[in-house]
Each structure stands twice: as C-alpha cells, then as structure tokens.
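Please read the following note with the sequence and the structure open beside it.

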Amino acid sequence: MSYKLEKPYTDIQRADFVVLHNHQHGRNIKETQTALYALEPDEIMQDGLPVKNPDYAAEQLAIAKETKVSEINSAKEAAFKAGFYFNEKHFDCDDRAQTRLAAQFAIAKPDTEIVWLDYDYEPIAFSYEQFVQLCNTATNIVSAIEFLTGQYLSAVNECETVEEIEAIEADYSNTTISTFLLNQN
C-alpha cells in the first residue's frame, strides 16, 4: 500500500515525508502534479496512480537468480584460488596453475625428476610417477569444482521462488569435494 502526501505541502512536510518513507523504510518516492507518493517495492506508477506491479515476482526471481549465480561463480573462483593438498603440501589449481601443470606434463619424461613449486613457491622435487599423481589430483579437484558448479547453477535455473534460490549454498569445502569424487568412482 503506497503512501500519499497531497499538494500543496510545505518544504518541511515534503522533507518529513521523504525521510520517513524513503530514508527510514526504503520506499520509492514519486511525484505527480497532485501528490507525492511513497511506493512499496511491488508498486509502480501507472497513469499517475500507484498500482501493483504485475511483473514484480518475476523481476525479483530474475534478480535473485542473477545474484545467486554471481555468488556461485565467486565461490568457485575462491575454491580454485584455495588450491589443494597433495602429500601434505599445498598446491595451486587456478587457471594459471592448470595451464602450467598441463604444459609441464606434456614435456615431462619418465625416469626424470620434476621440480614443481608449491602454493608458497617452495620447490618440491617429484619423480615422474609422483608428478603424474599430482596432475591427476589437480585434474580431479578442478573437475569436481566444475561439476559442482554445474549442479549449483542448474539448481538455480530450476528454482521457481526466491526462497528456493536463497536455500542454495555453494559448498566447495574439502569434505564436499572429497564426497563428490568418491561418488564418481
């Protein structure tokens, strides 16, 4: 239900109306030739009068979906940035690390030692077999993050209410990733 301050009104009355309805309650202020209106979020002006916005629910759902997709993508990037542990050492798995691992793997040769930097830029020596295990672990972690992201985004797309969207939590914890990987085998 909108609120209305009919003209004529004083500057003080106008200021009080705006402070109360906009500043304190977040209502949208609209002025016509005859009055000042404070609209609820689900109201719009039509032909100089406040009416219920028939598209409000759909607009709110679209906004909630867009916001949740952004949250999921941010959480995904944070998971990549967090990296993973292999043989008690911390390693990167962001895009740059994935590219570097793939390039090093392509030129690695059996029966050679491969020196790789951990998350803190400390050199770690690997046998070829150990390096293959490191690459496989990184690939599995990256795949799990990507597949989980796909599941979360799909769930968002299927939502029909804002409440359903708000219930989705993008979880990229080690436990969730490990559980995902175990269920894939």
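1. A search of the whole structure, which is a predicted model, finds one cavity of 30 Å³ or more. The volume of the largest cavity is about 40 Å³.

2. Which residues line the largest cavity? The lining consists of Phe91, Asp92, Ala97, Arg100, Leu101, Trp116 and Leu117. The student may wish to locate each of these residues in the model before reading on.

3. Two elements, α3 (95-107) and β8 (114-117), each give two or more residues to the lining of the largest cavity. The largest share comes from α3, with three residues.

4. Three strands form an open sheet in the order β1-β3-β2, and their pairing is antiparallel. The strands β1 (3-6) and β2 (28-31) stand at the edges; each has a single partner strand, so one side of each is left without a neighbour in the sheet. From one strand to the next, the twist averages 20°.

5. How many bridges join β2 to β3? Four bridges join β2 to β3 (residues 35-39), and these two strands run antiparallel.

Key:
Residues are numbered from 1 along each chain as its sequence is written. This is a predicted model: local features need pLDDT of at least 70, side-chain atom pairs count only at pLDDT 80 or more; totals for chains, interfaces and linings use all residues. Side-chain values use heavy atoms; hydrogens and water are left out. On a 1 Å grid over the protein atoms alone, a cavity is a set of points where a 1.4 Å probe fits but cannot get out, and a pocket is an open set with protein on both sides within 12 Å along at least five of seven lines; lining residues have an atom within 4 Å of a point. Grid points are joined across faces, edges and corners, and a volume is the space filled by probe spheres set on the points. Two strands pair if DSSP finds at least two bridges between them. Axes are lines fitted to C-alpha atoms, for helices over the stretch in contact, and angles run from 0 to 180 degrees between N-to-C directions.
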